[in-house]
Amino acid sequence: MSEHFPSNTGSAIVTNLVSIIVANREYLSEVDGAIGDGDHGINMAKGFSRCGKTLEGRELSLAEALDELTLALMEGIGGSMGPLYGSLFIGMADEVRGRDSIDGATFARLLRGGLTSLQDISDAGVGDKCLMDTLIPAVEAFEQAQASGATFREALHRMKSAASQGRDSTRDLVAKIGRASRLGERSLGVLDAGAVSCCLILTNLAESVEARLVA
Amino acid sequence: MNRVINDADLVVEDMLAGILLAHPELVQYESNPRVIRKRTSSPAGQVGIVTGGGSGHEPAFLGYVGPGLVDAVAVGEIFSSPTAKSFFDAFRAADQGAGVACLYGNYAGDNMNVKLAMKMAASKAMNIRTVVANDDVASAPPAEIAKRRGVAGEIFMWKIGGAAAAQGYDLDGVIRVAQKAVDHCRSIGVGLTPCTIPAVGKPNFQIADGLMELGIGHHGEPGIEVVPVESAAAMAERMLAPILADRDFTQDQSVVVLVSGLGATPVMELYIFYAEVERQLRAKGLRTHRCYVGNYFTSLEMMGVTLTLLGLDAELSRLIDQPCRSIGMTQSE
């Protein structure tokens, strides 16, 4: 059997996501403060830690744990990030519902499902200086690695590096959507907070999965 | 940052506690502390009016819940859209069987959360329609009017929509007049100092001493020009010009003027500014039917003022004069 990970590790995987966002609360707000409201870290940490509490002491599948995260974001934080990340995680969950183990091909569908669900409520794309600059290249990198016969582990590595490159690309972009778009040229030279948080999430997810891979 | 708060992370929760204690005519909806409704519901068969938005703009949004205005409001974090769940619960709180008009401002977060809330409502076979206010002339050129933000003109949309609902208009009718109020309305703001979200602790934009920013948004979104602070008369002229250039108000019977402080402006200065506005409107041959001067739609402790004009036809004129009662606006017969 090809590399895969058991789906009953959902609570641990999502708890790691909670930890990485909470640990970066101040950093995300600082990045956001340069061209936004400065509350990205505060709101994200609020929503993610709400999910952390509901996961405590429970052994959930990946789909169930992602559902809890979606609920915490959709009901716990509003703004733009609640519906955006909520849509991403519900789209991911829908692709792995009822599965015992998740291989590379399934994980590719999880990523694509999350992106498609997000695109359902947002028209943003690469170049808009937003989380899509991280997410779209990361999803495509994983899919391409898969298609070219790379191992699950190798595909995760390529996804991580595409995510970081995507995040860094926002430094040289002029914001086209969201509150920063009002700044025009003045938004140049700083990272987009959503692209940064998305990179933290994808990187952490890749590392959690990699640590649980079995042949 | 000197503020009158307990915990910077809980300012919205703590404010809501005070609102409910001070105003027994308002209540929380079921188990959702972020939805506030009238204690006495509108009669069965009346169209429900819902709005919602980020906190920090008080008395907007929750201060416009009351007879002749809004039935239920979704409350967000400071400068951040309410959740989709809260909009959905507000729909449920306001629904008296004749459908719900969700009248809100054009911001990315609100658009997404309302869209998701409408999906939830559709699955319960509820009839929800929306009007999105985009009255801020400084936020996009006329060719991109759909991108404009909603600001203080939202109050006219609620007033007109709420009056129409109370008069027995059906949902189509309420939506039509609320949209007409938006179409007949233009606003612009000027900011003289920045504002600080308590949990952030420092302003996220700067306005240098002695300067002011024309066209600044309700969350400090950059305006169209930064100029030295000038007299109230010159400010009135500078703010009226883009409003009058954007829409022909001479085609209307008369106009309604709304002058709102942004939070830190002395009310005295709002009246100094208003006198200049009315004088200049009169000089241009525009008749003022009614005016509202005060802190109607604020941005925390920003110093500055917003100016909104609403052009009236016979229907809008009749509806704007209807009675209403709320924290933010009360008028008798």
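Predicted model: local features only at pLDDT ≥ 70, side-chain atom pairs only at ≥ 80, totals over all residues.
User: Start with chain B. How many helices and strands?
Analyst: Chain B has 8 helices and 12 strands. Helices (H or I, at least four residues) and strands (E, at least two) are DSSP runs, numbered from the N terminus.

User: What is the radius of gyration of chain B?
Analyst: For chain B it is 19 Å, close to the 20 Å that the globule rule gives for 333 residues, so chain B is as compact as a globular protein of that length. The radius is taken over C-alpha atoms, and the rule is 2.2 Å times the number of residues to the power 0.38.

User: And what box do the C-alpha atoms fill?
Analyst: Along the principal axes, the C-alpha atoms of chain B fill roughly 55 × 50 × 35 Å.

User: Which domains is chain B divided into?
Analyst: Domain 1 (9–183) and domain 2 (185–320); the bounds come from an automatic or database domain assignment. The C-alpha centres of the two domains of chain B lie 22 Å apart.

User: How many residues does their contact take?
Analyst: It takes 29 residues from domain 1 of chain B and 31 residues from domain 2 of chain B. Two residues are in contact if their C-beta atoms, placed from the backbone, lie within 7 Å.

User: Which element gives the largest share on the domain 1 side?
Analyst: α4(B), with 6 residues. That side of domain 1 of chain B divides into 18 nonpolar, 4 polar and 7 charged residues. Here Ala, Val, Leu, Ile, Met, Phe, Trp, Tyr, Cys and Pro count as nonpolar, Asp, Glu, Lys and Arg as charged, and the others, Gly among them, as polar.

User: Where are the cis peptide bonds in chain B?
Analyst: One joins Glu58(B) and Pro59(B), with omega about 10°. Another joins Ala60(B) and Phe61(B), with omega about 0°. Pro59(B) lies in the loop between β3 (48–55) and β4 of chain B, and Phe61(B) is in the loop between β3 and β4 of chain B.

User: Over to chain A. At what angle do α6(A) and α7(A) cross?
Analyst: The axes of α6 (residues 104–119) and α7 (residues 132–147) of chain A come within 10 Å and cross at roughly 155°. Axes are lines fitted to C-alpha atoms, for helices over the stretch in contact, and angles run from 0 to 180 degrees between N-to-C directions. α6(A) and α7(A) are therefore roughly antiparallel; angles under 35 degrees count as roughly parallel, over 145 as roughly antiparallel, 65 to 115 as roughly perpendicular and the rest as oblique.

User: What about the loop between them: where does Lys129(A) lie?
Analyst: Lys129(A) lies in the loop between α6 and α7 of chain A. Lys129(A) has a positive phi of about 60° although it is not a glycine.

How values were computed. Residues numbered from 1 in each chain as written. Chains lettered and ligands numbered in written order.
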